[in-house]
Amino acid sequence: MAILSVNAGSSTLKFSIHPLYDGHVQRSVLTGSIQGLEPGGAPVLDWTFQGRAQHRQLERAADPFDQALRSLGDLLQGDPAVPTIKAIAHRVVHGGRKFSASVRITAPILNELTDLISLAPLHQPQNLQGIRAFQKAFPSLPQVACFDTAFHATLPEVDYTYALPQALTEQGVRRYGFHGLSYQYVMSVLLERSEQAKGRVLMAHLGNGASLCAARGGRSCSTSMGFSALDGLMMGTRTGSIDPGVLLYLMEQGWDHDRLETLLYKQSGLLGVSGISADMRRLRADSSAAALAAIELFTYRAVRESGALIACLGGLDVLAFSGGIGEHDIELRAQLGQRLAWLGVVIDPLLNQQAVGNEIMAIHAPQSRVQVWVVPTDEGLVAAREAARLI
């Protein structure tokens, strides 16, 4: 028996299968993705099982998502070595004020989650499209929604409240925080491996989407993202924090909602500043002034936001990196460590060089007052654990 974890995007579906042994959810035995799910796209199914990577080009279809799920169903049922799926766990970006923990999906709950689309317009519609498609393709399996906002349900009121009229706060205009499944996993790993992780921890989930989370006693107490997944750090194509006066100015210049949304979510960040790419790897390979400026701004914003959260914590005991950039960009980790040296952060250069795979590693030097870890995140495992708990 196993749990299938899925993360549905606008054109990509990621999935992993997590076996259940003696009631405990194990790490994935099968991982994969389906690319090309945009309308008119040609879906491609890639997966790795028992150490063997496989690839399948799917036929074009009027509904690529439906075609992809039929192929996924064939994959799950066509190999007797693949564990039998007991439930499906879905990553859902926004749970709003009501959903502070994972829930089994029902029709009324799906309707309530639909009402939250305006809070996460880039992610929520795709998450819910995935749920509906899986309900149709696998009607006998229970489905569970696991929220990226749930880990931050412990934020104190002083942290999640905006300086707005109370009526707006009561409508749900407040800070929520995101990347919660990732932070939940990273925090669990740190607590297993470090006594210091019970103290003041700063987790940096750095990737195309990027954020920071400050935790004390294993619980989120502040985070860089707020009402939406736009706030805080500069990201791959998103602005991060920006003076709302800029948006008022652009509106005065005739910009409408859709144009502003495209600017903030898809045309800014590393891509917007560099004019080259949203991919840090490509920018690292480019020696142009524009690429260097984008990298420097990304690094600076990470240091600046880190300082704010460390001040809220009153110091720092553990720093942890995760996400595509955090797990693989050696130079960025070194630069952040150097700029936080005033806290007693000392990263061992050799250990930092070695931390580029899928291993959990401590990379701090013996004299460092702050432990520094690289923790490859596993949101699918967290979602599978949540589904197993509920089902």
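**Cores, strands and domains in a predicted model**

Trainee: What makes the largest nonpolar core a core, and which residues have the most contacts inside it?

Mentor: The largest nonpolar core has 44 residues, and Leu206, Phe298, Leu316 and Leu319 have the most contacts inside it. The term is applied to a set of buried Ala, Val, Leu, Ile, Met, Phe, Trp, Tyr and Cys residues joined through side-chain atoms within 4.5 Å. Two or more residues each come from strand 10, strand 11, helix 10 (280-284), helix 11 (289-313), strand 13 (318-322), helix 13 (330-339) and strand 15 (371-374). Helix 11 supplies the largest share, 9 residues. A second, separate core of 30 residues includes Ala89, Trp373, Ala384 and Ala387.

Trainee: On what basis are these values given?

Mentor: The model is predicted: local features need pLDDT of at least 70 and side-chain atom pairs count only at pLDDT 80 or more, whereas totals for chains, interfaces and linings use all residues. Residues are numbered from 1 along each chain as its sequence is written, and side-chain values use heavy atoms, with hydrogens and water left out.

Trainee: Which residues are in contact with Leu206, leaving aside its neighbours within four places in sequence?

Mentor: Contact means heavy atoms within 4.5 Å. With those neighbours left aside, Leu206 is in contact with Ser211, Leu233, Phe321, Ser322, Gly323, Gly324, Ile325, Gly326, Leu332 and Leu336.

Trainee: Why is Gln67 called buried?

Mentor: Buried means under 20% relative accessible area, exposed over 50%, and partly exposed in between (1.4 Å probe, protein chains only). Gln67 has 12% relative accessibility and therefore counts as buried. Its place is in helix 1 (residues 64-78). Beyond residues up to four places away in sequence, Gln67 touches Leu58, Glu59 and Ala61.

Trainee: What makes the link between the side chains of Gln67 and Arg70 a polar contact?

Mentor: The term requires a pair of N or O atoms within 3.5 Å; within protein, one must be able to donate a hydrogen and the other to accept it, and residues adjacent in sequence count only if both atoms are side-chain atoms. The side chains of Gln67 and Arg70 are joined at 2.8 Å.

Trainee: Is Leu271 buried, exposed or partly exposed, and why?

Mentor: Leu271 has a relative accessible area of 28%, so the class is partly exposed. Leu271 belongs to helix 9 (residues 269-274).

Trainee: How many bridges does strand 11 form with strand 12?

Mentor: Strand 11 and strand 12 (residues 219-223) pair over 4 bridges, in the antiparallel sense. In strand 12, Thr223 is the bridge partner of Cys213 and Ser220 that of Ala215. Their hairpin has 2 residues between the strands, and Gly217 takes a positive phi near 65 degrees there. Strand 11 (residues 211-216) is mostly covered, with 5 of its 6 residues buried.

Trainee: Why do strand 12 and strand 14 (361-362) stand at the edges?

Mentor: The 6 strands form an open sheet with mixed pairing, in the order 12-11-10-13-15-14. Strand 12 and strand 14 each have a single partner strand, so one side of each is left without a neighbour in the sheet.

Trainee: Which domains does the assignment give, and what area do they bury between them?

Mentor: The assignment gives domain 1 (2-173) and domain 2 (194-379), their bounds coming from an automatic or database domain assignment. Their contact takes 17 residues from domain 1 and 19 residues from domain 2. Between them they bury about 1,500 Å², 57% of it on carbon and sulfur atoms; buried area is the accessible area (1.4 Å probe) that two parts lose on being put together, summed over both. In domain 1, Leu122, Phe151 and Thr154 lose the most area to domain 2, together 29% of what that side buries.

Definitions and conventions:
Two strands pair if DSSP finds at least two bridges between them.
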